[in-house]
Amino acid sequence: MQAINANPEGQLLRVENLLHEFPDDARLHFLYGSTLIGDGRLIEGHRALTRAVEIAPDFAIARFQLGFFQLTSGEPASALQTFGQVLQWC
Amino acid sequence: MTQNLPSGLDIVTRPRQVEASLWRRLRFENQSGCREAIFRNYTPSPRNSAPNFAGGSYRRARRFRAASIRRPSGGDRPLRSLARIDIRRVCQAKNQSHRRWSGPFKRSRRAIQPAAAHQLERLRSVSSGVSPSSGDYIAEVSDLAIALALGLIIEQSPHGDITGEASSINGYHSRDWQELQHSVLREIDRLPDNEKTVLQQHYLHDVSFKLIADMLKVSKGRVSQLHRAALEKIRARMNSMSKLCPKSR
């Protein structure tokens, strides 16, 4: 995260390269999605977060991040569905 | 002056994210309703832009504003321009659309004539529901007049632009008039989605039936049916509130 904050574009490219190498790593998708959203690339960020949750349904923080993003995007039904799993774990 | 404070989901939503969500759901998930929501979001832009191209003249600015409401963009330009927007850069989309819409205003230096075609559409729509076999011509003409009057009430509501006619209404009538407008607008909000869309787009944004048909992916005839049905429902509800004269049949 520090590296990304210091050099966003370069490190984003590095994450993309890592994703090519490890396409099924949910943590990378979560990192990629969070960075894209922070960068204003909202549609791509949503896709990456969704992919992270698809790969690892038990990845709580990714699921929470996706649900919160859906809620603030005016998609309450989708957010409820996403949060639903998190609430079951509580 | 009271402020409209955000409530419900509006407290947490962020406009840019909502906009991106609409684009995403329209382009990749083909969700119905998104296209209309996006169009509604961008439609006010020409109205706001009009005075900037009026050369500082107040009278010209008023004509441009009225022209933008009667014919906001030159036919189906809004839908075509929306289809070309690069949604990856949706944060800049409004600026892209603004540049496309600014062209017609810059080129034109006189007010666009009222859309007689739209008025003809309305008349055909409301008259198609009248049965000529009853023989009560006074009642038939009354029904037509009331339906057209409802449309004019909607068109001149606060969401549209009052182009000077309101100034001729004196202080005693204006409050009743505004209450009537608000009642009609509230009834529109209670209509089913398609009917609500037809009335809002046609009367408040001056969109033709053909363009609404493209937006809703139905035929123009179906839009005409929805238009008539919506006006009849509003009339029936207003009758029950004793705001209008009852049907004379």
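## Chain B overall

Of the 249 residues in chain B, 39% are buried. The model is predicted. Chain B has 12 helices and 0 strands. Read from the N terminus, its elements run α-α-α-α-α-α-α-α-α-α-α-α.

Contacts in chain B reach across the sequence. Take those between residues at least 6 apart: 70% of them join residues at least 24 apart. The accessible surface of chain B is about 14500 Å². Carbon and sulfur atoms account for 51% of that surface.

## Gln119 in chain B

Gln119(B) lies in helix H7 of chain B, which covers residues 116-127. Its relative accessibility is 46%. Buried requires under 20% and exposed requires over 50%, so Gln119(B) counts as partly exposed.

Leu148(B) is 29 residues from Gln119(B) in sequence. In space, the C-alpha atoms of Gln119(B) and Leu148(B) are 9.1 Å apart.

## Helix H4 of chain A

Helix H4 of chain A runs over residues 42-55, 14 residues in total. At 1.5 Å a residue, H4(A) should span 20 Å.

Which residues of H4(A) are buried? They are Leu42(A), Ile43(A), Gly45(A), His46(A), Ala48(A), Leu49(A), Ala52(A) and Val53(A). These buried residues pack against two helices of chain A, H3 (26-38) and H5 (60-72). They also pack against a helix of chain B, H1 (15-27).

Conventions. Residues are numbered from 1 along each chain as its sequence is written. Chains are lettered from A and ligands numbered from 1 in the order in which they are written. This is a predicted model: local features need pLDDT of at least 70, side-chain atom pairs count only at pLDDT 80 or more; totals for chains, interfaces and linings use all residues. Side-chain values use heavy atoms; hydrogens and water are left out. Helices (H or I, at least four residues) and strands (E, at least two) are DSSP runs, numbered from the N terminus. The expected span of a helix is 1.5 Å times one less than its number of residues. Buried means under 20% relative accessible area, exposed over 50%, partly exposed in between (1.4 Å probe, protein chains only). Contact means heavy atoms within 4.5 Å. Accessible areas come from the Shrake-Rupley method with a 1.4 Å probe; for residues, only the protein chains shown count as cover.
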